[in-house]
Amino acid sequence: MKSHARAVIIGGGIGGCSALYHLTREGWSDVVLVERDELTSGTTWHSAAQVTNFGAIQVMVGLKSHSIRLYKELADDPEYPINYHHATGGLRLASTQDHLDGYHHFMSLAKGMGVAFELLDPAECQRRHPLITTDNLLGALWDPLDGDIDPAQLCQALARRARLAGAEIYRHTPVTGLTEKPGGEWIVHTGKGDIHCEMVVNAGGYRCNEIGAMMGVELPVASMEHQYLLTEPIPEIEALDFRVPLLRCSTDDFYSRQEKSGLLVGFYEQDCKTWCLDGIDPDFTNALCPDDLDRCIDTMEGTFKRLPCLNEAGIHTVVNGPITYTPDGVPLVGKIPGKRNAWCITGLRAGLGEGGGHGWLLAQMMVHGEACYDTWALDPRRFTRYANVEYTALKAVEDYQNEFRFHMPHEHRPAGRPMKTTPLYPLLKDMGAAFGVVNGWERALYFKPDDGFEEQHSFRFTNAFDVVAREVSAVQEGVGIMEVSGFNRFEITGEGVKDWLDPLFCSRVPKRAGRVGLTYFLNEDGNVKGEATLANLGPDRVWYGSAAAAEYHDMDWLRDRLPEDGSIRIESLTNDYTILVVAGPRSREVLARAAPRTDWSKNSFPWLSVRPVSIGNAEAVAMSVSFSGELAWELHIPNAQLYLAFRHLWSAGQEFGIKLFGLYATESMRLEKGFRHWKADLITEFNPIESRLDRFVDLEKPFVGKAGLEEMRTRGPRRQFVSMVLNSDEAPAQPGDSILADGRVVGTVTSADWGHRVGKNIAMGFVDPDHAEIGAKLTVEVIGEPVSARVCEPCLYDPSFDLVRA
Ligand SMILES: Cc1cc2nc3c(=O)[nH]c(=O)nc-3n(C[C@H](O)[C@H](O)[C@H](O)COP(=O)(O)OP(=O)(O)OC[C@H]3O[C@@H](n4cnc5c(N)ncnc54)[C@H](O)[C@@H]3O)c2cc1C
């Protein structure tokens with residue numbers, strides 16, 4: 001066994017084997033995989049191993065397309081062919097209008113990734129799958145490349161190719177400990193000796209938290225029991241001369257595919273069960289859980305109605321095995337938060353279909369620092385400390401119960417909530433707040449007009465439309481107040497802090513104490529990595545603010561660049577402060593009343609400045625910044641005084657008709673202003689010039705990513721950020737919808753909503769440069785309809801910014 005390697009992967013399921021193979025494909029040969037038992041002896045061996053191309057976001061579609069291409073290549077390898085039923089085709093059944101709307105959206109999204117789904121009517125569904133009934137069926141999404149693969153053969157084929165490229169695999173070699181060396185390298189302790197390596201990868205499947213514990217981290221991964229049955233041969237199938245397509249049903253929570261001349265049928269029952277939350281028997285290997293089909297009775301009735309042949313079919317085998325879930329159902333693929341050179345590919349719940357793609361993206365991240373897609377949706381750092389085991393288990397149950405039910409736009413599911421609240425939560429709830437979740441924090445989306453109001457989630461404009469319109473109007477005409485919980489905030493201190501920060505950002509860092517600036521940072525390639533508001537509180541004290549979800553991501557990025565002499569310190573204040581935004585033309589009057597000792601006048605407290613203030617007897621740091629495009633201040637208030645400050649502001653605001661507003665109203669207003677949203681409109685696939693942030697790039701100074709950016713500039717833009725106005729008032733576009741010109745996909749929507757002040761249906765996105773000029777005519781596919789669109793100025797409301805400077 002080697003004592004040194006560049007990277008060591010722990011675990012030989014599909015996640016580990018795919019990562020190992022792809023590291024060799026990216027050019028690393030000095031790589032090792034260690035497996036405690038045999039390859040695939042965790043979950044992989046007993047997987048139903050369906051391989052679909054369907055994904056709810058473009059990155060998922062892209063990585064699944066990679067799996068499918070790779071698996072086909074492996075199946076066709078004459079030296080080591082494997083069993084892969086490629087392109088059998090699959091049906092995702094729809095029995096409500098919402099399902100159909102959703103599938104129209106997912107078709108458009110997939111089209112942008114070069115994947116052609118179809119929407120079929122019930123008769124055509126039955127023609128393709130003669131065993132189904134069409135009762136209550138409205139249609140189905142057809143995935144032509146759906147299929148299934150032999151999981152053990154797949155892993156062996158990946159392992160074989162990796163070995164041919166120089167990788168080594170040690171079976172029956174349990175990892176027993178991990179030691180982080182002072183320089184950031186690792187020692188992997190195994191039952192057969194130590195391996196020193198630069199990087200370590202946790203691919204431990206349902207044992208990922210045993211490996212996590214060896215490095216002092218808890219990954220938000222919980223296991224569920226999951227069952228399928230295999231039938232005896234079915235005469236109707238034996239009579240066919242083709243394989244029946246795969247089926248997935250979001251009404252009756254089952255899936256099915258052909259297995260030999262019978263069916264494999266799997267269930268996502270409501271009465272589901274977590275597995276071994278308190279620890280796993282060390283001898284559980286190549287093993288299954290006891291059968292328990294009674295648990296699945298609720299789903300069986302509908303399943304048998306859809307597939308009546310099951311009433312007569314004998315059951316040959318039942319398979320019940322552990323399957324891993326994360327709180328949002330999407331795996332953790334990327335850097336382990338707070339650790340150097342430690343990666344994971346865990347929480348795979350559809351690992352056979354996705355594993356090829358996840359290993360591909362992980363290997364790119366490890367070798368090149370970044371993958372070809374923005375991988376935030378998979379990034380382990382999207383969950384912060386709140387995502388403990390108990391929370392993860394509650395979310396895993398919820399996710400399992402909704403396995404085939406895609407999230408509706410703006411849907412925030414209830415399990416595990418409220419997880420993080422500010423002291424204002426009960427008050428705002430009493431005042432009618434409908435909450436959503438941002439990085440675990442409850443945040444008001446809008447305020448209900450009456451107790452009985454519930455938003456009916458839809459891909460179309462919802463019944464919350466008029467509610468939001470009124471909130472926006474209150475802010476535009478008078479004054480509104482909004483709580484922004486969980487906004488990410490670091491205090492960075494130390495002598496020379498500004499000089500340290502300056503080269504980290506491509507934008508200017510506010511030099512003078514009392515000034516605030518919006519800044520961007522890039523990766524080494526020159527693409528957009530993050531956005532931060534820097535407030536110079538002087539001397540040698542800066543507040544760093546960014547999106548709530550960016551907490552771990554940004555902390556990692558900053559900490560990796562700290563000077564070794566300890567001269568600069570970073571402290572997270574994210575959980576200690578909350579923002580109250582006071583916005584609207586009368587905001588100055590409200591603040592003057594609530595905080596009379598501060599001069600809020602234009603000359604004394606101009607746009608983009610910061611200072612400590614007292615709101616009544618509560619302390620706050622006030623910043624004159626605006627995401628709404630109205631005159632506004634952000635008040636950063638210690639949580640202990642938040643209630644007090646709110647009461648002062650609320651009471652001072654009564655005379656001016658102050659109203660509460662929420663995230664929906666803010667979203668509408670920021671789209672009108674053309675402000676981008678991190679990880680929606682600001683992604684690592686584009687540089688700041690393509691993202692039309694030219695004015696935030698100072699090419700006169702050195703900064704991280706400058707060489708890459710300059711090199712890219714010589715090649716011209718790949719795509720260009722645009723704002724568009726859509727000619728429809730029925731539905732907003734959705735992120736991922738395709739943008740077309742002359743019938744060809746030329747771009748993708750990144751965010752969209754109705755702009756209530758300008759009365760327009762607005763979408764943002766990236767398009768080919770030829771179609772990016774103001775006035776260009778485009779088509780956006782919105783729930784299956786081609787909607788004409790026009791490229792407009794990014795800022796549709798108050799383009800001269802007079803209101804914020806008033
Ligand atoms: C019933 C069922 C049906 C499924 N159907 C499908 C499907 O149709 N399509 C699909 O895509 N997915 C399906 N899945 C999910 C899929 O099988 C999993 O997502 C996938 O197999 C997980 O692979 P993995 O590599 O993450 O984990 P595993 O396969 O569990 O691999 C982890 C490996 O790590 C090793 N290991 C753990 N600890 C150590 C240690 N300390 N030292 C060394 N090695 C260690 C283990 O021995 C194991 O081999 C199904 C799952 C179940 C249970």
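Which backbone sits 2.8 Å from an oxygen atom of the ligand, as a polar backbone atom of which residue? Select G353: one of its polar backbone atoms is 2.8 Å from a ligand oxygen, a polar contact (a pair of N or O atoms within 3.5 Å). Taken alone, the ligand exposes 1,000 Å², and the protein buries 97% of that; these areas come from the Shrake-Rupley method with a 1.4 Å probe.

Before you click on, a word on ground rules. You're looking at a predicted model, where local features need pLDDT of at least 70 and side-chain atom pairs count only at pLDDT 80 or more, while totals for chains, interfaces and linings use all residues. Residues are numbered from 1 along each chain as its sequence is written, and side-chain values use heavy atoms, with hydrogens and water left out.

**The ligand shell.** Helices (H or I, at least four residues) and strands (E, at least two) are DSSP runs, numbered from the N terminus. G351 also has a backbone N or O atom 2.8 Å from a ligand oxygen.

**A49.** Next, pick A49, which has a polar backbone atom 3.1 Å from an oxygen of the ligand. Check its phi: about 60 degrees, positive although A49 is not a glycine. Most residues other than glycine have a negative phi. A49 sits in the loop between β2 (31-34) and β3 (50-51), and is buried at 2% relative accessible area (buried means under 20%, with a 1.4 Å probe and protein chains only).

**Helix α10.** Select 389-401: these 13 residues reach 18 Å from first C-alpha to last. Buried residues of α10 include Y391, A396 and Y400, and the buried set packs against β13, β16, β17 (274-275) and β18 (contact means heavy atoms within 4.5 Å).

**Last stop.** Move along to the loop between α10 and α11 (425-430), where you'll find P418. The peptide bond from R417 to P418 is cis, with omega near -5 degrees.

Technical notes
Polar contact = N/O pair within 3.5 Å; in protein donor to acceptor, adjacent residues only side chain to side chain. Expected span 1.5 Å × (residues − 1). Buried < 20%, exposed > 50% of the residue type's maximum accessible area, 1.4 Å probe, protein only.
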